[in-house]
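Try each task before reading its solution.

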Amino acid sequence: MNDTRITIGIMGGLVSNENMGCVALTYSLLAMLNRISNRIKCDFDYIIFEYDQDYSENKFDELRQYFKLRRNQIQYAPIGYYDLNNPKLFLKKARINFKTLHDIKRCDVVIDITQGDSFSDIYGEERFFRLSNIKYVAEILQIPFILGPQTYGPFMKQKVEKFARKIINKANLVVSRDTKSAMYLKELCDKDIYVGTDLAFGLPYNDEYATSGKLKVGINPSGLLCNKKNEKTDLNTALSADYDQYVLELINCLKERNFDIYLIPHVGEDGVNSFSEIEGVNTHPEFSNPIEAKSFISSMDIFIGARMHATIAAFSSGVATIPTAYSRKFAGLYETLDYKYVVDLTRDNTSEALQQTMRYVDAYLELKKSSKYSMQKVKKIYDAMEDKIQKEMEKIVNNRRSK
């Protein structure tokens, strides 16, 4: 039994959501914090703030079971509706807002990861403020506040940028998951930025799938980019490529080469249904949790993905990975790792994107070799990042012990 126990609030880390990438961040952060807990001899309890409309007790039970934690060690709290520009909604949701405030006050420290890439208005202003208002509430209450590994920006509207700057400057520690974000913040804020990497690189998985005679190619078609969108999230960025045409032509090219092709979702059913009726492709149903998703992805020889955390699952499990980027978060992350095999859908037209993808497919052994080298770098960055977060946690715990 350790001599101290503290409560950690986790904001922007999802559990109940169908987005396996966002949930992967939560699992990975908890794995890191559990290691830190053992090293500094302090027990951690967790309050995870997420959307009230998504909350699933079964998903929380699954998380508790994986980490072998008791029910009261991981609790749910709503993120609330702290939009003071909409007083009617604020009052209408008063009961939820009171619970949110009560649960924030219970925290000894808050760690915010904003779903990895949502500390930005790229997905819309409303989403930015709903996820950011409770950060500011925690800081006003003077609760120690850590901005965990994530992408920062772009902030396209002035009021968004101004509010983000206020939150960042008040934080005890700011960790970026890529150099581009850190450089962006240095121009914006008066704050030291620590450059780490994505939490999901540390997500565990099970290497349990048998290999087949053919080379297996996994394609993760994003429901965010397909013409028949199955995702409500706004995307304030433009593609140069026709995404549906790109995926269709890609499947045809791979079929001509006699690959074993799998359509693999990472957010619900993702864009799989848009292409599932094509003859000669295998489709995988949506996954229950990110470890299940990563385990299946790890069985591929080549993985072509539009969801960044799906590509991280492949990359960190030794699969030749071809990210198809729709925002600078891809380039920022993979450039930091000296990995150059990224297809930029915002820059390349459909034909250029397809040709580049197939060149990388042909060079898949080179990609595997490069990713192995990059993962050695990731391991060093990840360990150093964990050490940095541990030092901040030790300050908070020592301050608690001295009281």
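**Exercise 1.** Where is the kink in H5 centred, and about how many degrees is it?

*Solution.* A note on the model first: it is predicted, with local features needing pLDDT of at least 70 and side-chain atom pairs counting only at pLDDT 80 or more, while totals for chains, interfaces and linings use all residues. Residues are numbered from 1 along each chain as its sequence is written, and side-chain values use heavy atoms, leaving out hydrogens and water.

Step 1: helices (H or I, at least four residues) and strands (E, at least two) are DSSP runs numbered from the N terminus.
Step 2: the bend at a residue is the angle between axes fitted to the seven residues ending there and the seven starting there.
Step 3: the kink of H5 is centred on Ser132 and is about 25 degrees.

**Exercise 2.** Check the span of helix H5.

*Solution.* Step 1: the expected span is 1.5 Å times one less than the number of residues.
Step 1: for the 16 residues of H5 (residues 125–140) this gives 22 Å, and the end C-alpha atoms are 22 Å apart, so the two agree.
Step 2: just after H5, Gln142 has a positive phi of about 60 degrees.

**Exercise 3.** Which residues of H5 are buried, and what covers them?

*Solution.* Step 1: buried means under 20% relative accessible area (1.4 Å probe, protein chains only).
Step 1: the buried residues of H5 include Phe128, Phe129, Leu131, Ser132 and Ile134.
Step 2: their cover includes strand S1 (5–11), strand S2 (43–50) and helix H6 (158–170), with contact meaning heavy atoms within 4.5 Å.

Technical notes:
Buried means under 20% relative accessible area, exposed over 50%, partly exposed in between (1.4 Å probe, protein chains only).
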